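Notes follow in the order I looked things up.

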Amino acid sequence: MTAQTPADLTRPAPGETTGWITPATTGGERLDGRGTVLLTADRVLTGRRGDAAGSLEVVGDAPDDDARMAGAGGAVLLRRHRILFVGTAAEAETHLRERADLLADDVPRVDLPGTTLMPGLIETHDHLPTSGTALEYPDYGAHEVARLTLNATRAARELLSVGVTSVQSLGARHYVDVAVRDAIRNGDVRGPRVVPAGPQITTTGGHSFHAGAEVDSLDDIRHQVRLHHKMGVETVKVMSTGGFMTGGSAPWNAQFSQAELEALFGEAHRLGKWTAAHAHGVDGIANAVRAGVDYVAHASFITAAGRSQFDPRLADEMAEAGVYVDATVTADMPRMLRRDDSFAPPARQLWEHGVKIVAGHDAGIPGVPHRAYVGGLEALEWVGIPRNEVILAATSRAAAGIGLAGVTGVLAEGFDADLIAVGGDPREGLGVLRDLRMVVSMGREFVPDALIGVPVFDDPESSIGLGPIGPAATLAHWREHEARALRHPEV
């Protein structure tokens with residue numbers, strides 16, 4: 001056996017000459033979120049309204065190469081996670097030269113010809129920890145918390161991969177959405193900004209009781225809100241009515257009185273929290289609005305007859321209160337309504353009455369995958385919301401609707417650098433939002449994951465479309481019960 005030669009201690013140790021054991025890699029990211037960079041494109045949609053009625057504010061317009069060379073396109077200057085300047089490309093170059101804290105020639109430029117820069121998309125109604133299958137919450141046994149956290153982490157990447165840079169999580173067992181928010185903030189995993197709500201607050205045995213936040217008294221309500229605060233939520237969500245996904249629950253019935261909701265929202269607001277209410281039936285909607293809620297999910301105006309019956313006076317009350325509403329128009333809604341229009345969401349009517357409509361899809365429940373987000377926007381246009389209003393509902397208005405006004409959703413100085421670049425102009429068709437050329441979250445680029453496509457299901461007997469479960473199954477149960485009672489003899 002040959003003896004090993006002793007090491008030459010005078011030679012450089014591994015990494016000594018380069019200064020690295022393992023050098024940093026970009027992973028294909030052009031923006032690392034740590035420096036200053038100038039982005040240029042054909043135009044910038046800022047997320048604000050334009051001067052003309054129904055229009056959007058646009059900065060820059062470069063329809064051809066000559067216009068781009070002349071600096072007529074749009075530009076956004078970023079430093080770390082903040083926006084420093086928005087203007088035309090020519091204005092941005094002038095701005096750079098005039099800044100005393102930057103050397104213009106040292107600032108990297110990223111040119112994105114043929115694109116529109118716009119605020120990152122926002123999902124206002126998501127359930128991050130669900131399984132993504134037909135069984136919303138499989139029995140994970142002793143590993144439930146770990147598996148739900150992994151589900152939520154996967155969902156976060158899926159959302160960011162379709163351009164969603166902020167998401168409001170409106171229901172998560174064990175507060176796993178709080179943990180995922182913190183992991184994303186810390187840079188441990190990639191995902192959109194998460195506004196977590198933890199478990200939905202409901203009555204004992206009420207809709208979504210499985211989330212683990214059941215209450216039955218004013219003291220219970222205040223304690224549960226304080227517990228949510230202690231656990232780190234930013235939104236407190238209550239199930240103001242029953243729902244379609246919990247056995248024995250009736251969506252048209254209120255679960256809380258106005259006084260109970262006043263106690264809940266009052267305590268949440270005292271603690272600096274945003275508030276949200278799941279509400280289908282008119283009584284539950286009215287109770288929540290009059291109690292001071294900030295955001296209403298669904299607002300379907302469903303009645304015991306199994307149909308949505310719009311109440312214009314309540315809509316006016318909602319508009320006057322300034323409540324934000326997601327009408328939960330999912331990608332498969334148009335096909336669902338062709339089969340049965342009894343559950344048609346009153347999104348258009350609410351908007352006509354001045355209610356602030358935002359993009360929310362109940363994403364994560366069976367049949368509503370996170371990656372179907374853009375399809376949900378197209379469906380919102382299909383049910384009657386003008387395209388430019390849909391863009392606002394998915395960006396600046398959505399930001400305000402989840403308590404992030406002044407933080408994100410707008411491309412302007414001082415806002416966080418959450419933005420996307422898409423091929424083409426979304427004002428000419430929302431489908432271009434699928435053509436992502438760049439996704440930037442908090443100033444750092446994210447390279448989207450490859451995603452499995454979402455097919456269209458046209459089979460009327462299929463229950464695996466993208467839309468929410470309709471009232472048919474719930475109504476069948478209640479109607480059968482009533483029919484049996486009517487057949488019983490008077491004794």
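I started with Ser-208, which is found in the loop between strand S9 (202-203) and strand S10 (214-215). For the labels, helices (H or I, at least four residues) and strands (E, at least two) are DSSP runs, numbered from the N terminus. Before going on, I noted that this is a predicted model, where local features need pLDDT of at least 70 and side-chain atom pairs count only at pLDDT 80 or more, while totals for chains, interfaces and linings use all residues. Residues are numbered from 1 along each chain as its sequence is written, and side-chain values use heavy atoms, with hydrogens and water left out.

Is Ser-208 buried or exposed? Ser-208 is buried, at a relative accessible area of 6%; buried means under 20% relative accessible area, exposed over 50%, and partly exposed in between (1.4 Å probe, protein chains only). Its phi is near 65°, which is positive in a residue other than glycine.

I found another such case in Phe-301, not a glycine either, with a positive phi of about 60°. Phe-301 lies in strand S13 (residues 295-302) and counts as buried at 0% relative accessibility.

**Domains**

I looked up the division next: domain 1 (20-119 + 409-460) and domain 2 (121-403). These bounds come from an automatic or database domain assignment. The domain centres, taken over C-alpha atoms, are separated by 29 Å. How many residues of domain 1 are in contact with domain 2? I get 41 residues of domain 1 in contact with 33 residues of domain 2, where contact means heavy atoms within 4.5 Å.

I also checked the record: UniProt lists residues 116-449 for "domain: Amidohydrolase-related", in an unreviewed entry. UniProt positions are given in the numbering used here, feature names are shortened, and annotations may be inferred rather than shown by experiment. In the model, that span is 33% helix and 19% strand, and its end C-alpha atoms lie 21 Å apart.

**Cores**

I then asked which residues have the most contacts inside the largest nonpolar core. They are Phe-265, Met-318, Val-325, Leu-350 and Tyr-373, in a core of 74 residues. A nonpolar core here is a set of buried Ala, Val, Leu, Ile, Met, Phe, Trp, Tyr and Cys residues joined through side-chain atoms within 4.5 Å. This core draws at least three residues from each of domain 1 and domain 2. Another core, of 21 residues, lies apart from it and includes Leu-31, Leu-78, Phe-415 and Ala-417.

Not counting residues up to four places away in sequence, Leu-350 touches Ala-299, Phe-301, Phe-310, Ala-315, Met-318, Val-325, Val-355 and Ile-357.

I traced an open sheet of 3 strands, in the order S6-S7-S8 with parallel pairing; two strands pair if DSSP finds at least two bridges between them. Its edge strands are S6 (121-126) and S8 (193-196), each pairing on one side only. On average, and ignoring direction, neighbouring strands of this sheet are turned by 15° against each other. S7 (residues 164-169) is joined to S8 by 4 bridges, and Ser-169 stands opposite Pro-196 in S8.

Helix H4 (residues 176-185) lies across S7 and S8, at about 155° to S8. Axes are lines fitted to C-alpha atoms, for helices over the stretch in contact, and angles run from 0 to 180 degrees between N-to-C directions. Val-180 is found in H4 and counts as buried at 2% relative accessibility. Leaving aside its neighbours within four places in sequence, Val-180 is in contact with Thr-149, Ala-152 and Thr-153.

Then I went to S12 (residues 274-281): 7 of its 8 residues are buried, so S12 is largely enclosed by the rest of the structure. S11 (residues 235-239) runs parallel to S12, joined by 5 bridges, with Met-239 opposite His-278.

Last pair: S1 (residues 36-49) and S2 (residues 56-59) are antiparallel over 3 bridges, and Leu-45 stands opposite Val-58. Their hairpin has 6 residues between the strands, and Gly-54 takes a positive phi near 80° there.
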